[in-house]
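Visitor: Please show me the model, and then let us go through some of its features by question and answer.

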Amino acid sequence: AQIYGMELVESPKETYENIGGLGPQIEEIREAVELPLTKPHLFEKVGIAPPKGVLLYGPPGTGKTLLARAVAHQTNAHFLRVVGSELVQKYIGEGARLVRELFDLAKQKAPSIIFIDEIDAIGAHRNDSTTSGDREVQRTLMQLLAEMDGFDNRGDVKIIAATNRIDILDRALLRPGRFDRMIEIPLPDLEGRLAILKIHTMNMSLGEDVNLAEVARLTEGKNGAELRAICMEAGMFAIRMEHETVSHEDFIKAIEKLSTDFDRHHFHTS
Ligand code: ATP
């Protein structure tokens with residue numbers, strides 16, 4: 001459901017099976033988010049506080065949102081998502097109020113996972129400029145910090161944030177009791193790309209000549225979102241030829257097409 005300023009999903013359908021690569025990252029997030037939700041007594045017995053917030057950082061399109069949704073699925077938690085840039089640009093003057101409402105709703109719907117995408121849009125370190133836009137951003141950030149400090153971490157509300165720009169984040173966000181667990185989500189390596197290609201071709205009719213390992217080798221530097229696009233484009237090449245299965249050649253053409261589109265896009269926007 002789309003509530004004013006936020007997205008609420010009862011329990012997302014994505015699972016860890018839908019994520020290619022990222023094995024160690026999945027382990028880490030399970031330990032930080034899932035374990036405290038499913039076995040809180042262990043933390044009580046041992047006497048340590050589970051992390052309240054986890055920060056996922058790394059380049060765009062690598063599966064940060066996907067991972068957060070899979071955690072919510074696994075824990076049967078509500079998934080509440082806001083986008084940092086929208087909080088301060090789309091709903092001008094209401095960022096702080098939206099943050100308050102977000103946490104209220106999360107507590108009401110617990111167990112729940114709050115996902116804050118593009119947290120750098122509200123959490124960039126402060127400079128001393130005092131334009132009204134900056135003040136709005138600061139007010140929103142202050143509200144977020146207050147909300148995080150205000151609820152106790154034995155509760156069943158967990159916060160996951162994502163950023164492509166960890167370098168500009170305000171240190172205040174990373175203090176103990178806030179986003180004190182950081183997980184890097186990198187671009188997929190060869191093995192990761194193969195795993196992602198397998199996931200996104202699972203429901204496709206592939207010809208016998210298709211060599212996904214070769215496709216993985218030819219797509220160095222591509223992220224998960226781009227790999228998914230390559231699979232869809234390969235399917236489109238097959239459909240244009242009125243073929244019912246996708247050939248290796250279709251994948252090669254898709255890689256070429258998307259690489260040219262990418263270059264052209266960058267040429268026009270730079
Ligand atoms: P951004 O930083 O741009 O928000 P993100 O890291 O949150 O990106 P996602 O939104 O999770 O990236 O990825 C976009 C889509 O790309 C996913 O819905 C999925 O289809 C595909 N994708 C990305 N990474 C992976 C992955 N590791 N495994 C499988 N699919 C992936």
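**Ligand, helices and backbone**

Visitor: Which residue has a polar side-chain atom 2.7 Å from an oxygen atom of the ligand?
Guide: A polar contact is a pair of N or O atoms within 3.5 Å; within protein, one must be able to donate a hydrogen and the other to accept it, and residues adjacent in sequence count only if both atoms are side-chain atoms. The model is predicted: local features need pLDDT of at least 70, side-chain atom pairs count only at pLDDT 80 or more, and totals for chains, interfaces and linings use all residues. Residues are numbered from 1 along each chain as its sequence is written, and side-chain values use heavy atoms, with hydrogens and water left out. The residue 2.7 Å from the ligand oxygen is Thr 65.

Visitor: How far from a nitrogen atom of the ligand is a polar side-chain atom of His 200?
Guide: His 200 is among the residues that come nearest to the ligand, out of the 18 around it (a residue is near if one of its heavy atoms lies within 4 Å). The distance from its polar side-chain atom to the ligand nitrogen is 2.9 Å.

Visitor: Which residues of helix 10 does helix 8 meet?
Guide: Helices (H or I, at least four residues) and strands (E, at least two) are DSSP runs, numbered from the N terminus. Contact means heavy atoms within 4.5 Å. On the helix 8 side are Arg 193, Ile 196, Leu 197 and His 200. Their partners in helix 10 are Gly 224, Leu 227, Arg 228 and Cys 231.

Visitor: Why are helix 8 and helix 10 described as oblique to each other?
Guide: Axes are lines fitted to C-alpha atoms, for helices over the stretch in contact, and angles run from 0 to 180 degrees between N-to-C directions. Angles under 35 degrees count as roughly parallel, over 145 as roughly antiparallel, 65 to 115 as roughly perpendicular and the rest as oblique. Helix 8 (residues 190-200) and helix 10 (residues 224-240) have axes 9 Å apart. The two are therefore oblique, at an angle of about 45°.

Visitor: Where does Pro 111 lie?
Guide: Most peptide bonds are trans. The bond from Ala 110 to Pro 111 is cis, with omega near 0°. Pro 111 sits in the loop between helix 5 (95-108) and strand 5 (112-117).

Visitor: What is the phi of Leu 22?
Guide: Most residues other than glycine have a negative phi. Leu 22, in the loop between strand 2 (6-9) and helix 1, is not a glycine, yet its phi is positive, at about 60°.
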